[in-house]
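Here is a briefing on one protein chain. Please look over the sequence and the model before reading on.

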Amino acid sequence: MSPWEMAAVFAAGTSAGAVNAVVGSGTLITFPVLLAVGLPPVTATVSNGLGLVPGSLSAVIGYREELRGQGRRALLLAVGAALGGLTGAVLLLTLPASAFERIVPVLVGLALVLVACQPWIAERVRRRRGAGGPARPDGGPLLFCGLTLASVYGGYFSAAQGIVYVALMGILLDDTLQRLNAVKNVLAAVVSTVAALLFLFFADFDWTAVLLIAGGSALGGLLGARTGRHFSPAVLRTLIVSVGTLALAHLMLR
């Protein structure tokens, strides 16, 4: 890479780390840049996945206050995220790139509708639950299975996986959007780490790209968390839907 290309990859990594901490879909920033500097699609996907691991971890650190009291919930859901992420990474290395192209836009579109309507849907769920007792703090089998399936996609490509996570948790958990966003960062970190471990041994990647994105995403993750933690639920939901809509348009036009 030329110095200008290296600067562009680092800047993309920083932006992606910040966006992932607050919303998700940072891959839609880094992936096109890696293609633009000459990396083949699968090599770009793998290099991107490895490089974004530090950003995911720094986002978790940045949201540590919102994670207080959610240790059991995060640990349980992380098991499903690990299983799904490993499955998705294996699929990336074995299936043609077109395998998920049809289902991904549908999945992201549905998640956007759920996020946008989350307050209304959650209120309806609470009313129907009524005298049946409080919501399960871990969301029950439905949430575990849903997040595990979403993590399969996350291990495969990862763009907009955070939006799907927030949508599912927002419907099935009775908690604030910021606290759910903190758990989302944990799950994203688990998926990216598990996938990265597989990629290190069985996939081709570009070390220069990995290191540049890693440095940028670590910085961006901290900056994004510091900013995003102060957004109101309405602002955060609007941001998620806006970025997700751009992600959906990008996926449909690919």
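How many helices and strands does the secondary structure of the protein chain come to? The answer is 12 helices and 0 strands, where helices (H or I, at least four residues) and strands (E, at least two) are DSSP runs numbered from the N terminus. This is a predicted model, in which local features need pLDDT of at least 70, side-chain atom pairs count only at pLDDT 80 or more, and totals for chains, interfaces and linings use all residues. Residues are numbered from 1 along each chain as its sequence is written, and side-chain values use heavy atoms, with hydrogens and water left out.

**Overall make-up**

- Along the sequence, the pattern of the protein chain reads α-α-α-α-α-α-α-α-α-α-α-α.
- The protein chain has 254 residues, and 51% of them are buried. Buried means under 20% relative accessible area, exposed over 50%, and partly exposed in between (1.4 Å probe, protein chains only).
- Take the contacts between residues at least 6 apart in sequence: 84% join residues at least 24 apart. A contact means heavy atoms within 4.5 Å.

**Helix 11**

- Helix 11 covers residues 207-228, and its 22 residues should span 32 Å at 1.5 Å a residue. The expected span is 1.5 Å times one less than the number of residues. The end C-alpha atoms of helix 11 are 30 Å apart, which agrees.
- Buried residues of helix 11 include Ala209, Val210, Leu212, Ile213 and Ala214. Gly216, Ser217, Gly220, Gly221, Gly224, Ala225 and Gly228 are also buried there.
- What covers these buried residues includes helix 1 (3-22), helix 2 (27-36), helix 3 (41-51), helix 4 (53-62) and helix 10 (177-202).
- At the start of helix 11, a side-chain oxygen of Asp206 comes to within 3.0 Å of the backbone nitrogen of Thr208.

- The axes of helix 3 and helix 10 come within 8 Å and cross at roughly 125°. Axes are lines fitted to C-alpha atoms, for helices over the stretch in contact, and angles run from 0 to 180 degrees between N-to-C directions.
- Helix 3 and helix 10 are therefore oblique to each other. Angles under 35 degrees count as roughly parallel, over 145 as roughly antiparallel, 65 to 115 as roughly perpendicular, and the rest as oblique.
- The crossing of helix 3 past helix 10 is left-handed. A crossing is left-handed if the near helix is turned anticlockwise from the far one by less than a right angle, and right-handed if clockwise.
- Val46, Gly49 and Leu50 of helix 3 make the contact with Ser192, Ala196, Phe199 and Leu200 of helix 10.
- The axes of helix 3 and helix 11 come within 7 Å, crossing at roughly 40°. That makes helix 3 oblique to helix 11.
- Here the crossing is right-handed, with helix 3 passing helix 11. Ser47, Asn48, Leu50 and Gly51 of helix 3 meet Ala209, Val210, Ile213, Ala214 and Ser217 of helix 11.

**Helix 9**

- Helix 9 (residues 161-172) has 12 residues. It reaches 17 Å from its first C-alpha to its last, close to the 16 Å expected at 1.5 Å a residue.

**Single residues**

- Thr14 lies in helix 1. Thr14 is buried, with a relative accessible area of 17%.
- Ser56 sits in helix 4. Ser56 is buried at a relative accessible area of 12%.
- Thr148 is in helix 8 (residues 140-156). Thr148 counts as buried at 16% relative accessibility.
- The side chain of Thr148 reaches the backbone oxygen of Phe144 at 2.7 Å.
- Thr148 and Val79 are 69 residues apart along the chain, with their C-alpha atoms separated by 8.4 Å.
- Arg68 lies in the loop between helix 4 and helix 5 (71-94). Arg68 is exposed, with a relative accessible area of 56%.
- Arg68 and Arg179 are 111 residues apart in sequence, but 8.8 Å apart in space, C-alpha to C-alpha.

Methods:
A polar contact is a pair of N or O atoms within 3.5 Å; within protein, one must be able to donate a hydrogen and the other to accept it, and residues adjacent in sequence count only if both atoms are side-chain atoms.
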